[in-house]
Structures are given as structure tokens and as C-alpha cells.
Amino acid sequence: MRPIFAAGVRIISRRPGGRAQVRCNLGLFFCAAAILISVAVAKNIVYFDLETQISKMQMSVGVTYSTARGGYTIYGEPQIHDLISELQRADLVVGFNNLRFDYEVLHGYTPLDLTQIPTLDMLVELQATLNHRLSLDSIATATFEVEKTAEGLQAIRWFKEGKLLEIAEYCCYDVKITKLVHEYGVQHRQLHYHNRFGKKMTVPVKW
């Protein structure tokens with residue numbers, strides 16, 4: 001942390017979650033800058049995805065990755081209110097089609113309007129730029145040369161067969177891909193995808 005702080009600013013203690021108390025002797029400007037940096041470092045981004053049950057708008061498994069926690073959490077339907085609470089505590093929730101799909105599933109379990117949570121739906125952002133929808137798989141294969149391990153219909157069949165572990169693994173992988181896509185966009189200000197003819201294309205992003 002030391003190299004990013006201006007001279008005259010030093011950390012005097014660190015709080016849980018990465019927040020730091022700072023001391024400044026070069027005036028309000030430098031102190032404010034140091035505080036902004038410490039808050040940015042501590043920002044909790046929650047990457048999120050869920051799978052549904054058999055032909056129902058009900059959750060089978062939900063998965064999050066929290067940057068503050070530095071790990072994944074898997075939720076079954078009995079823990080769905082814990083999942084909703086984690087999303088509410090996030091500084092930013094990042095997903096792919098979560099505004100139109102995942103949140104709608106969760107709205108069946110809570111009276112809260114989850115769209116009020118600070119949210120980046122990458123599908124919505126990309127559709128606004130391209131005027132057509134992209135799949136997460138198209139972006140992952142073009143940007144990272146990896147493919148999804150399964151598809152949503154397979155996850156529904158797994159639920160019918162009682163294979164919740166397979167669903168959780170698949171959902172974790174989707175959350176990992178979502179995180180990689182978001183971080184690549186932050187770093188490079190663009191993403192790659194394959195169009196319907198299989199040609200690799202590039203789209204700018206602003207997140």
C-alpha cells in the first residue's frame with residue numbers, strides 16, 4: 001500500500017475488510033485523496049449467478065464471489081435469504097443477465113426491489129452498444145479461448161436428478177467467467193466476441 005500514498009500520509013491502523021485509517025500532515029487535499037484510495041481498495045464487488053429448478057422460476061443453486069471475502073459462497077434454496085442479504089451488502093453486484101433474469105427469480109422470495117442494488121449487468125450494457133444480445137459463452141471463447149462447461153437446460157436436468165453438486169460446480173464456473181470478463185473489460189476497456197458467422201469482433205466497454 002505504501003507506494004500509492006502521497007508523502008505525509010501514512011496508515012496508522014487497518015480495519016477488517018481492508019479499510020485503513022490514515023494520518024495526514026500535508027493538508028486536507030492529500031488526506032482526502034488517501035481516504036478515497038483506501039475506500040476504492042476496500043470496495044466489495046460481488047459476482048453473482050443462479051440456476052433454476054424444473055420449469056419453475058425458483059432457484060436451485062446460487063453462487064457469489066466476493067472480492068472483500070476473496071472466495072466463493074454456494075447457496076441452496078433454503079439459504080436464499082442469506083444470498084439476498086449478501087447482494088444487499090455489496091458495493092456493486094456484477095452479473096450477466098442478472099437484472100432481467102436472476103433478480104426476477106429472487107423477487108419470488110422477497111418483497112424487496114433488488115434492482116435498487118448498485119448493479120452492473122454486462123449483457124444489458126453490451127446490448128445497448130451493439131443493439132443485439134451476446135452470450136457469455138461467445139465472449140469467453142473469443143476473449144479467453146475457454147467454453148462454458150454446460151448450459152442452463154443441463155442444470156435443470158441435473159436438478160431433476162438431484163445432482164446439486166454438479167449444478168453448484170457449473171454455477172461456480174459461470175461466476176468465475178463473469179468475473180474474468182468484467183476484470184478484462186476494466187483493464188482493457190474492450191471485450192471480444194464471435195458474431196453469428198464465427199468472426200472475432202471487438203466491442204468497447206465503459207465499466
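Modeller: A polar contact here is a pair of N or O atoms within 3.5 Å; within protein, one of them must be able to donate a hydrogen and the other to accept it. Please keep in mind that this is a predicted model. One example is in helix α7, where T178 lies: the backbone oxygen of D174 is 2.8 Å from a polar atom of the T178 side chain.

Biologist: Is T178 buried or exposed?

Modeller: T178 counts as buried because its relative accessibility is 2%, and the cut-off for buried is under 20%.

Biologist: And what does T178 touch, leaving out residues up to four places away in sequence?

Modeller: T178 touches Y47, V94, G95, M122 and L136. The C-alpha atoms of T178 and L136 are 7.7 Å apart, although 42 residues separate the two in sequence.

Biologist: Let us turn to the sheet. In which order do the strands come?

Modeller: The order is β5-β4-β3-β6-β7, in an open sheet of five strands with mixed pairing. β5 (71-76) and β7 are the edge strands, each pairing on one side only. On average, neighbouring strands are turned by 25° against each other, direction ignored.

Biologist: How many bridges join β3 to β6?

Modeller: Three bridges join β3 to β6, and these strands run parallel. Y47 has V94 in β6 as its bridge partner. β6 and β7 also run parallel and are joined by three bridges; there, V93 stands opposite T119 in β7.

Biologist: Which helices lie on this sheet?

Modeller: Helix α2 lies across β3, β4, β5 and β6, at about 35° to β4. Helix α7 packs on the sheet as well, touching β3, β4, β5, β6 and β7, and its direction makes about 140° with that of β3.

Biologist: Now α4, please. Which of its residues are buried?

Modeller: In α4 (residues 122-130), the buried residues are M122, L123, L126 and L130. They fall within an arc of 95° when seen down the axis of α4, so they line one face of the helix.

Biologist: What do those buried residues pack against?

Modeller: The buried residues of α4 pack against β6 (92-95), β7 (119-121), α5 (136-144), α7 (164-188), β8 (190-194) and β9 (200-204).

Biologist: Which residues touch the most other members of the largest nonpolar core?

Modeller: They are L126, I139 and L191, in a core of 33 residues. Several elements supply at least two residues each, among them β6, α4, α5 and β8. Helix α7 gives the most, with nine residues.

Biologist: What surrounds I139, again without residues up to four places away?

Modeller: I139 touches F96, L126, L134, F144, V181, L191, H192 and Y193. There is also a second, separate core of 17 residues, which includes V46, L50, L83 and I84.

Biologist: One more helix: which residues of α3 are buried?

Modeller: In α3 (residues 98-106), N98, D102, Y103, V105 and L106 are buried. Down the axis of α3, these residues fall within an arc of 155°, so they line one face of that helix. They pack against β3, β4, α2 (80-89), β6 and β7.

Biologist: Last topic, E86. Where does it lie, and is it buried or exposed?

Modeller: E86 lies in helix α2.

Biologist: Which side chain makes a polar contact with the side chain of E86?

Modeller: That of Y75, at 2.4 Å. Y75 is also one of the residues that E86 touches, together with V46, T64, S66, R69 and T73, not counting residues up to four places away in sequence.

How values were computed
Residues numbered from 1 in each chain as written. Predicted model: local features only at pLDDT ≥ 70, side-chain atom pairs only at ≥ 80, totals over all residues. Heavy atoms only, no water. Buried < 20%, exposed > 50% of the residue type's maximum accessible area, 1.4 Å probe, protein only. Helix = DSSP H or I, 4+ residues; strand = E, 2+ residues; numbered from the N terminus. Arc of directions from axis to C-beta. Contact = heavy atoms within 4.5 Å. Core = buried A, V, L, I, M, F, W, Y, C linked by side-chain atoms within 4.5 Å. Pairing = 2+ DSSP bridges. Axes fitted to C-alpha atoms, helices over the stretch in contact; angles between N-to-C directions.
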